[in-house]
Amino acid sequence: MNTAKVLAHSGPFGMGYVPRSRIAQFCDDPHTLALIDFAADGEAAGAAGFVSHLPQLDGPPVCEYWRSDEPVTRWQEGDFHLARTSEFMFARLSLPDTAAAERDAQVAYAALLRILREGEFPHLVRVWNYFPRINAEEDGRERYRSFCVGRAAALESLDAMDDARLPAASALGASGGGLQVYALAAREPGVQIENPRQVSAFRYPNDYGPRSPSFSRATLVRWRNGTHFYISGTASIVGHASVHQSLEAQLGETLANVEAVVAQAHRAEGLDISTPDALSLLKVYVRRASDAGTVRDWLRARLGSAVPMAVLQADVCRAELLVEIEGAYC
Ligand code: 3EB
């Protein structure tokens with residue numbers, strides 16, 4: 001397989017999807033930064049592999065593959081699996097499943113920040129958060145809202161709650177595992193990009209939970225050899241309100257939001273792409289598995305066939321939302 005082409009990129013690493021049947025060759029390659037198997041039967045073995053419990057719904061099975069130009073140094077610290085190069089650090093953590101979403105988030109973020117600071121990569125630029133039963137009630141509150149409380153408490157206690165430094169993020173409900181967090185961190189902060197169509201999530205009113213979600217809509221990172229752009233999970237939200245009930249209308253609004261954030265980065269920071277069809281990677285989360293084909297066809301009709309895409313089953317963090325899209329340019 002021509003991974004050079006699959007992972008054509010600028011900056012210190014590339015991201016792409018590779019057929020699951022071909023991952024053996026990457027498992028213990030020192031350039032493999034991350035190998036993410038979405039399915040639960042855990043083929044992504046090797047030091048860099050892990051399973052995200054987000055079943056893939058479209059096409060032949062793929063794994064998400066991150067390849068570093070520099071060989072990575074890998075180690076473990078407590079529950080954390082860590083990898084670094086001279087320029088960035090990648091951390092991941094899986095906790096056991098619990099009935100304590102708030103505490104888990106607090107523990108995970110406090111430990112994550114400490115480890116990143118010790119490693120001298122104190123600035124989170126992109127974070128993924130997955131945990132089961134995200135919309136279920138626990139101690140009288142939706143688990144997602146409790147997660148937001150715990151995350152905010154940890155960031156605050158470590159003096160990392162500066163709005164302008166919050167990373168891009170995704171937070172979705174998985175079909176198994178406990179809290180899983182994986183994160184990319186840098187020596188310098190990324191440039192936060194917000195979406196002019198949406199209220200910043202860190203300013204959501206408390207109708208959506210006692211602590212607003214601690215993330216930015218996107219971050220732009222100027223690495224030594226090129227710029228990356230990381231777009232948070234993006235849904236059918238205008239202002240701070242969820243809009244539309246139908247899948248197609250939600251898709252339209254979601255894509256308009258992704259377009260807006262790419263255009264904003266182009267305008268404000270000179271990102272060299274201005275539309276989402278030029279992204280390097282899209283990940284699409286659908287709540288109902290039966291929507292996968294419709295969503296894929298709808299997106300292909302608008303974005304063409306160039307952008308690599310995977311459609312995964314996941315619960316979006318507001319119960320009324322059916323679809324969420326994240327992306328990266330690298
Ligand atoms: C939203 O726009 C949809 O809590 O980390 C998207 C991305 C969402 C990240 C998070 C939540 C998070 O509010 C939900």
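Strand 21 (323–329) gives the largest share of the lining of the largest cavity, three residues. Strands here are DSSP runs of E with at least two residues, and helices are runs of H or I with at least four, numbered from the N terminus. This is a predicted model, in which local features need pLDDT of at least 70 and side-chain atom pairs pLDDT 80 or more, while totals for chains, interfaces and linings use all residues. Residues are numbered from 1 along each chain as its sequence is written, and side-chain values use heavy atoms, without hydrogens and water.

On a 1 Å grid over the protein atoms alone, a cavity is a set of points where a 1.4 Å probe fits but cannot get out; lining residues have an atom within 4 Å of a point. Grid points are joined across faces, edges and corners, and a volume is the space filled by probe spheres set on them. There are four cavities of 30 Å³ or more.

| Cavity | Volume | Lining residues include |
|---|---|---|
| Largest | about 70 Å³ | Met15, Trp128, Lys283 |

For the second largest cavity, helix 2 (101–118) gives the most, with three residues.

Strand 18 (residues 281–286) pairs with strand 19 in the parallel sense over five bridges; pairing requires at least two DSSP bridges. Valine 284 stands opposite valine 311 in strand 19. Five of the five residues of strand 19 (residues 309–313) are buried, meaning under 20% relative accessible area with a 1.4 Å probe, protein chains only.

Methods. Buried < 20%, exposed > 50% of the residue type's maximum accessible area, 1.4 Å probe, protein only. 1 Å grid on protein atoms, 1.4 Å probe; cavity = no way out; pocket = protein on both sides within 12 Å on 5 of 7 lines; lining within 4 Å.
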